[in-house]
Amino acid sequence: MNSTNKAKTSLAKFEEFFSTTYKDDVFEILEKYPDERSLIVDYNDLEMFDPDLADLLIEKPEEVIAASQKAIKNIDPLMKDAELNIRFKNLTNLVDLSVLLSKYIGKFVAADGIVRKTDEIRPRIETGVFECRGCMRLHEVEQTSSNIILEPSLCNECGGRSFRLLQEESKYIDTQTARMQEPLEKLSGGTEPKQMLLTLEDDLVDTLNPGDKVRITGTLKTFREERSGKFKNYLYVNHIEPLEQEFEELDISEEDEEKILELSKDPHIHDKIINSTAPSIRGYRDVKEAISLQLFGGAVKELGDGTHLRGDIHILIVGDPGIGKSQMLKYVSKLAPRSVYTSGKGTSGAGLTAAAVRDELGGWSLEAGALVLGDKGNVCVDELDKMRSEDRSALHEALEQQTVSIAKAGIMATLNTRCSVLAAANPKFGRFDRYKTVADQIDLPAPILSRFDLTFVIEDKPNFENDRKLAQHILKTHQNESVDYEIEPDLLRKYIGYAHNHCNPKLTDEATKVLEDFYVEVRGGGIEEDAPVPITARQLEAIIRLAEGSAKLQLKNEVGADDALRAIRLQQECLKQVGYDPDTGKIDIDKVEGRTPRSDRDKLNKVVEEIAKLEELENTAPISTLREIMKDEYEFSEEKLDSILKQLKNKGIIYEPTAGSYKRT
C-alpha cells in the first residue's frame, strides 16, 4: 500500500476511533473545555482498537498524527473545524536514552529522563503570509522549520518571484527547547549520562522545570547545526508524563524480594549493612553506621499548616588528608539507588544548586545543578569547603528547606532539592586541631554547618596497633585485588530501594519516651544558670530522622526504643568529637555549629570589663597593664589575650586610638 492510501486508511480509522471508542472524550473536550488544545489518547486503547494502526504510529508518526488531527476536524460534532493536538500516552516503545541513536530517527518513541535545562519560550512562524511585491497579492505558506523561512516559489497572479513577509499577519506558535539526561539509577557510578535535546510546542511549553523526572513521548528527528555542519538528534515532544520519583526502576524480581525479606529478619542486619558500606576502607564504624542510616533516610512529614519536615539526613565528614574520605563518598555514590557525585572545587556553570545561563540564541535559561538533579536521592559533595561563594549562600536553603530559589536574569523559580547530602571537607590549616571550633578550621559559614545532622571528625593519629592492622588491610587488598562483601552491592542497592518504597516508620510511645528523657536530661533543665547549651531542638529532630532510618534498615514500620537508643549514641559520639569544650569540660552546641562557645564568650566579656575599668582610671587601656591583669587574675596567656583582642576589634567592640592602647567603641 502506497503512502497516499495509507494516509487515507489512517484517516478513516481515526474517524471511526474518535466516533466510537473516544466519542465521550472528544465531545467533552470540544463542548466543556473549548480552550483545551490537546486530546490525550492512551496508546493501549489504540492498540486494542487497531493493532496495525498502532504499529504504523510508531513507524510513521508524522503521517499518522497528521491523520488523527484531520480526523478530529472531520468528525467535529459542533462543526467548528476543531484544531486539537493529539497526544499519546503509555507508549510501549520505551527506549533508554543511551541507545536512542540514529536507527530510531523518524520513529515514535518514549524515553525516561531528568530535565537538566529549560530555555526561553520563543514564537515560531507556523503559517507565513507573504505579499507579492509586484501585484500585492497575499500568499500563505506553511512553515516546517524554525530556522529557514519558506517563501512562495511563484505568484499565481502576476508570476512574480519577489515577496515580502507580513509578520503581523502570519500565524505563530509557542516553542521552547529543553535538555534531559538519563535517570541517575540507570547509571553505573562514574559513567557520563547521555543527554537529549527536546523541542516543545504549543501547550507543552512552560510545563518542564529543571530537576523534573519525566517520561517523554515523541518523534526522534535530526537537524544540521549551522556552525559545525554536523547533524544532531532531538525529540519532537508529543506528550509529557511526570514520573513519581520512587525507586521502582531498580527492577526487583520476586527472587530478589525473597532475599530482601530474609535479610531483614537477620538479627545482625545492622552490622552486615555497616560492614558492606565502603568495605575497602578499614575502620570508621560510627561514620559507616551514620552513612548506612542516611542511605535509608527518615520519614518525610507534611504538617497540617503546610510545613515540610525533611526526612533526609545530612552528614559532614571533616578529616585529615589521606584517610579515605573521597573513597567513602565515591563508594556511597555507587551504592545509593539514585545518586550524584561532585566536588565543591570542580563545580562550574550550574554548580551545586542551579544557575541562569545564556542559551545558543542569547536568551537566558535555567540549568539544574547537582543538588537539583539528585532530588529524592543522595548527593555526595567532596571538598565542600572549596565551593563557589554563590553556591554557599544557596546551600543554606537547599539543606534545610530542600528547595533552591533562583532570581537571576529575570528568571524567578523555585526548584526541589529533596536529597540527602554526604559532604567531606578538609581542615583549613591541613590538620584538625581539637582545641579550635569546627568553624575556625573549615571555610564554611556557621549557618551551613548547623544544617548537618551529624558532623564527624576523623584524625590521622599514629597508633602502633591500629597502624599495623591498617597496613595489613591495605596490603591484603592490593595483593588479592578483591573485597569481601557481607551483602553484595547489587542486592544492597535493591534492599535500600525496597525500603524506600515499602517503609514509612512512625514513632512508638516507647521510642518517644526514650527521646524525650534524653533531651530533657542532656539540657539539664537550668541547673546552672550560665551553663552552655548542650543540644537544641535541631539535634532532637536529627536523632528522630536517624531513628527512623534505623527502623527502615530493618524494614520496620515502627520506630522502637532500640532504634532511638542507636540514634542517640551516634549523635552523642559526634557531639563529643566536635562539641566538647576543654575550658568547661562540657558539650557546647555553639562549638558544634560554628558559633562562639560559652567559655569564649565569657573570656571576651572579661576582657571588655577590664578595658572598661582601665578606661575609668587612665582614659585608655594600655596593653602592658591589660596583660598583667589578665595573667594574674584569669591566667590568660599572651597569645590568648592577643587572639581575643583581635576578635573584639574585628567585631567593632573595641578600637586602638594609639598603638598599644585600647578603648571601647
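## A buried glutamine

Gln-402 is buried because its relative accessible area is 2%. Buried means under 20% relative accessible area, exposed means over 50%, and partly exposed lies in between, with a 1.4 Å probe and protein chains only. Gln-402 sits in the loop between α11 (389-400) and β17 (403-408). Helices (H or I, at least four residues) and strands (E, at least two) are DSSP runs, numbered from the N terminus.

The phi of Gln-402 is positive, near 60°, and the residue is not a glycine. Most residues other than glycine have a negative phi. Met-136 also has a positive phi, about 65°, without being a glycine. Met-136 lies in the loop between β3 (108-132) and β4 (138-142).

## The model and its confidence

This is a predicted model, in which local features need pLDDT of at least 70, side-chain atom pairs count only at pLDDT 80 or more, and totals for chains, interfaces and linings use all residues. Residues are numbered from 1 along each chain as its sequence is written, and side-chain values use heavy atoms, leaving out hydrogens and water.

The average pLDDT of the protein is 77, and 80% of the residues score at least 70. pLDDT is the predictor's confidence in each residue, from 0 to 100. Residues 525-531 have a pLDDT below 50, and this stretch has three contacts beyond near neighbours in sequence. Contact means heavy atoms within 4.5 Å. Over residues 245-249 the pLDDT is also under 50, but here the model has 19 contacts beyond four places in sequence.

## Strands and a sheet

Two strands pair if DSSP finds at least two bridges between them. Leu-316 has Ala-423 in β19 as its bridge partner.

β3 and β15 pair in the antiparallel sense, over two bridges. Here Lys-117 has Glu-367 of β15 as its bridge partner. Strand β15 (residues 364-368) is largely enclosed by the rest of the structure, because four of its five residues are buried.

## Aromatic rings

The whole structure has five aromatic pairs. Rings of Phe, Tyr and Trp (its six-membered ring) pair if their centres lie within 6.5 Å; planes under 30 degrees apart count as stacked, over 60 as edge-to-face and the rest as tilted. Phe-14 and Phe-17 form an edge-to-face pair, because their planes stand at 80°, with the ring centres 6.4 Å apart. Both lie in helix α1 (residues 3-19), three residues apart, about one turn of the helix.

Phe-17 also pairs with Phe-49, with centres 5.1 Å apart and planes at 55°, so this pair is tilted. It links distant parts of the chain: Phe-17 is in α1 and Phe-49 in helix α3 (residues 43-49), 32 residues apart. Phe-17 is buried at 0% relative accessible area, while Phe-49 is partly exposed at 24%. Ring pairs join Phe-14, Phe-17 and Phe-49 into a cluster.

## Cysteines

The structure holds zero disulfides. A disulfide is a pair of cysteine sulfur atoms within 2.5 Å. For Cys-132, the nearest cysteine sulfur is that of Cys-158, 3.5 Å away.
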